[in-house]
Amino acid sequence: MPKFDVSEFQRQRPMVQLAPLVDIAFWALMFFMIIAVYNQMEVQVNLTLPKSKTAVQSAQSSGKIVINVTKEGHFIVNQKEYTGNGLGVMLRQVAKLFPNQQVIIRADEMTYHKYVIQALDACGLANLSDISFSTIKDEK
């Protein structure tokens with residue numbers, strides 16, 4: 001039976017390179033920090049959300065648009081304030097790029113109904129149909 005010679009190179013054990021692992025860990029940390037900051041930006045608008053006994057957590061995509069409607073009727077998206085017409089223009093531009101864009105409307109519980117309808121109309125004119133409303137679950 002022939003005997004095979006195994007070279008010294010083949011006998012060496014595999015080595016784990018730490019520099020690429022540190023790079024990957026660093027980029028993963030940066031990614032999650034940026035996502036956390038982005039999600040926090042929408043919550044910083046001081047709104048008192050209405051309560052609902054039947055509130056259900058919906059599945060949300062990462063690229064959702066959150067329209068914050070204040071008591072005074074101001075529309076805030078990504079910390080930029082829009083008028084009713086400006087909101088419609090922005091939503092139409094987004095709808096051209098992303099036709100199935102998810103939109104969440106966060107309105108203060110003391111907001112007049114007409115401002116929420118303006119936000120809905122802007123979504124309708126932009127042909128955006130995946131619209132949700134943000135509420136807080138009523139624990140009573």
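Start with helix H3. At 1.5 Å a residue, its 14 residues should span 20 Å. The end C-alpha atoms of H3 are 21 Å apart, which agrees. Keep in mind that this is a predicted model.

Now, which residues of H3 are buried? Leu 87, Gly 88, Met 90, Leu 91, Val 94 and Ala 95. These cover an arc of only 165° around the axis, so they sit on the same side of H3. An α-helix has 3.6 residues a turn, so residues three or four places apart point the same way. Turn to the other side of H3, and Asn 85, Gln 93, Lys 96 and Leu 97 are exposed. And what covers the buried residues of H3? The cover includes E2, E3, E4 and H4.

H4 is on that list, so to speak; let's take that helix next. H4 covers residues 113–125. Those 13 residues should span 18 Å at 1.5 Å a residue, and the end C-alpha atoms are 18 Å apart, which agrees. Buried in H4 are Tyr 115, Val 116, Ala 119, Ala 122 and Cys 123. Looking down the axis of H4, the buried residues fall within an arc of 115°, so they line one face of the helix. On the other side of H4 we have His 113, Lys 114 and Leu 125, which are exposed. The cover over the buried residues of H4 includes helix H3 (84–97). Strands contribute too, including E2 (65–69), E3 (75–77), E5 (102–107) and E6 (130–133). One backbone detail: just after H4, Asn 127 takes a positive phi of about 60°.

E2 is mostly covered, with five of its five residues buried. Ile 65, Ile 67 and Val 69 point one way from E2. Val 66 and Asn 68 point the other way. Both sets are buried.

How do E2 and E5 run, parallel or antiparallel? Parallel, joined by five bridges. Ile 65 stands opposite Val 103 in E5. For Val 66, the bridge partner in E5 is Ile 104.

With E3, E2 pairs in the antiparallel sense, over two bridges. Here Val 69 stands opposite Phe 75 in E3. The hairpin of E2 and E3 has five residues between the strands. Within that hairpin, Gly 73 takes a positive phi near 90°.

Is Arg 106 buried or exposed? Buried: its relative accessibility is 11%, and the cut-off for buried is under 20%. What does its side chain touch? The side chain of Arg 106 makes a polar contact with the side chain of Asn 68, at 2.7 Å. Asn 68 belongs to E2 and is buried as well.

Note on methods. Residues are numbered from 1 along each chain as its sequence is written. This is a predicted model: local features need pLDDT of at least 70, side-chain atom pairs count only at pLDDT 80 or more; totals for chains, interfaces and linings use all residues. Side-chain values use heavy atoms; hydrogens and water are left out. Helices (H or I, at least four residues) and strands (E, at least two) are DSSP runs, numbered from the N terminus. The expected span of a helix is 1.5 Å times one less than its number of residues. Buried means under 20% relative accessible area, exposed over 50%, partly exposed in between (1.4 Å probe, protein chains only). The arc is that of the directions from the helix axis to the C-beta atoms. Contact means heavy atoms within 4.5 Å. Two strands pair if DSSP finds at least two bridges between them. A polar contact is a pair of N or O atoms within 3.5 Å; within protein, one must be able to donate a hydrogen and the other to accept it, and residues adjacent in sequence count only if both atoms are side-chain atoms.
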